[in-house]
Amino acid sequence: MLARRVNRVLPDSPVLRLVAQRVALGILLLFAVSVLIFAGTQIIPGDVAQSILGQSATPEALANLREELGLNGPAYARYFRWLGGVVTGDLGTALSSGQDIASSIWPRLKNTLFLAFWAALVSVPLAILLGLLAVRYRNGPVDKAISGFALASTSLPEFFIGYLLILFFAVKLQWFPSISTVYDGMPFLERLKAIVLPATTLVFVVLAHMMRMTRAAILNVMQSAYIETAELKGLSALNIIRKHAFPNAIAPIINVVVLNLAYLVVGVVVIEVIFVYPGMGQYLVDHVVKRDVPVVQAVGLIFAAVYIGLNIVADIAAILANPRLRHPK
């Protein structure tokens, strides 16, 4: 229904119609995810009031705290009260500390974005370069070496890569700290040194996928007729890839790059726990242990919003980069 209304509002602009449809579907998906997040936190076994007051709390104290926290109302009323607060920027109050969640999350979110930014700054250009080299020397030693590296990197779980980096570069060589402690006012170079190991782990995790998809997208374009025409004109393989294949394969490459950027923000939970990095993932794990439901809901919704938002960006970028999507007829 929402997509039909969008079509009526923008009937003469195919690009705007497609973009508006993606945004509308993203909003609907985020609403559905918020329902799942709220429902999932409600079915977690245990009693929030009991976890706050401890096992020695009296039934009267537990009942009073449940009433104070609004846990006695129906689930749908509590959901819409929570959703209304989120829409107005109020993420609630942490049960374990009594602090405002929004003000507590913001420094953690900045740390996670800082880590993701530097991991992306290294991994994205490197993945595209390796993908281009693999295409240029396909089926040769360079292509096989790059593909073997990608397969090995994909096969190893991220926590294993993280512990290997800690073992060699923190314990044996002592080049970098094993615990990535950062804080406000920390000198920039010291902050960079602190995140070298977790950022390198993230690079290894996302590099292989982006590189393989870049290689596959360009190889798919290389089978087109205009590539054969360029070859018949005598253009070198490098010029064919640079001028013809890569620009026409940019849409799927953008998609896979943006999806991996979303992972760099959303999928950092394990990395942050391994390196004790004060980001969103560590913040989430700490409050899951404390059964701090409002914090878990807030962090889960932020992760979902980032992932869905970057997926929308990927769709819009693919629409703008591909003339066949801009003019589907």
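A residue counts as buried when its relative accessible area is under 20%. In this predicted model, Ser-180 has a relative accessible area of 0%, and is therefore buried. Ser-180 sits in the loop between helix 8 and helix 9 (188-194). A polar atom of its side chain lies 2.7 Å from the backbone oxygen of Ala-194. Ala-194 is also among the residues in contact with Ser-180 once neighbours within four places in sequence are left aside.

Helix 7 was examined next. Helix 7 covers residues 141-155, which makes 15 residues. Four residues of helix 7 are listed as buried: Asp-143, Ile-146, Ala-150 and Ser-153. Viewed down the helix axis, these buried residues fall within an arc of 100°, so they line one face of helix 7. An α-helix has 3.6 residues a turn, so residues three or four places apart point the same way. The cover over the buried residues of helix 7 includes helix 6 (101-136), helix 8 (158-172) and helix 10 (196-222). The face turned away from the buried side carries the exposed residues Pro-141, Lys-144, Leu-151 and Ser-155.

The structure holds 11 aromatic pairs. One of them joins Phe-114 and Trp-118, with 6.3 Å centre to centre and 70° between the planes. This pair is edge-to-face. Phe-114 and Trp-118 are 4 residues apart in helix 6, so about one helical turn separates them. Phe-114 has 17% relative accessibility and counts as buried. Trp-118, at 24%, counts as partly exposed.

The pair of Phe-169 and Trp-175 is tilted, because the ring centres lie 5.8 Å apart with the planes at 45°. Phe-169 is partly exposed, with a relative accessible area of 28%. Trp-175 also counts as partly exposed, at 49% relative accessibility.

Ring pairs also link Phe-31, Phe-38, Tyr-79, Phe-80 and Trp-82 into a cluster. Arg-191 lies over the face of the Phe-114 ring, at 5.3 Å from the ring centre.

Methods: Residues are numbered from 1 along each chain as its sequence is written. This is a predicted model: local features need pLDDT of at least 70, side-chain atom pairs count only at pLDDT 80 or more; totals for chains, interfaces and linings use all residues. Side-chain values use heavy atoms; hydrogens and water are left out. Helices (H or I, at least four residues) and strands (E, at least two) are DSSP runs, numbered from the N terminus. The expected span of a helix is 1.5 Å times one less than its number of residues. Buried means under 20% relative accessible area, exposed over 50%, partly exposed in between (1.4 Å probe, protein chains only). The arc is that of the directions from the helix axis to the C-beta atoms. Contact means heavy atoms within 4.5 Å. A polar contact is a pair of N or O atoms within 3.5 Å; within protein, one must be able to donate a hydrogen and the other to accept it, and residues adjacent in sequence count only if both atoms are side-chain atoms. Rings of Phe, Tyr and Trp (its six-membered ring) pair if their centres lie within 6.5 Å; planes under 30 degrees apart count as stacked, over 60 as edge-to-face and the rest as tilted. A charge sits over a ring if NZ of Lys or CZ of Arg is within 6 Å of the ring centre and within 35 degrees of the ring normal.
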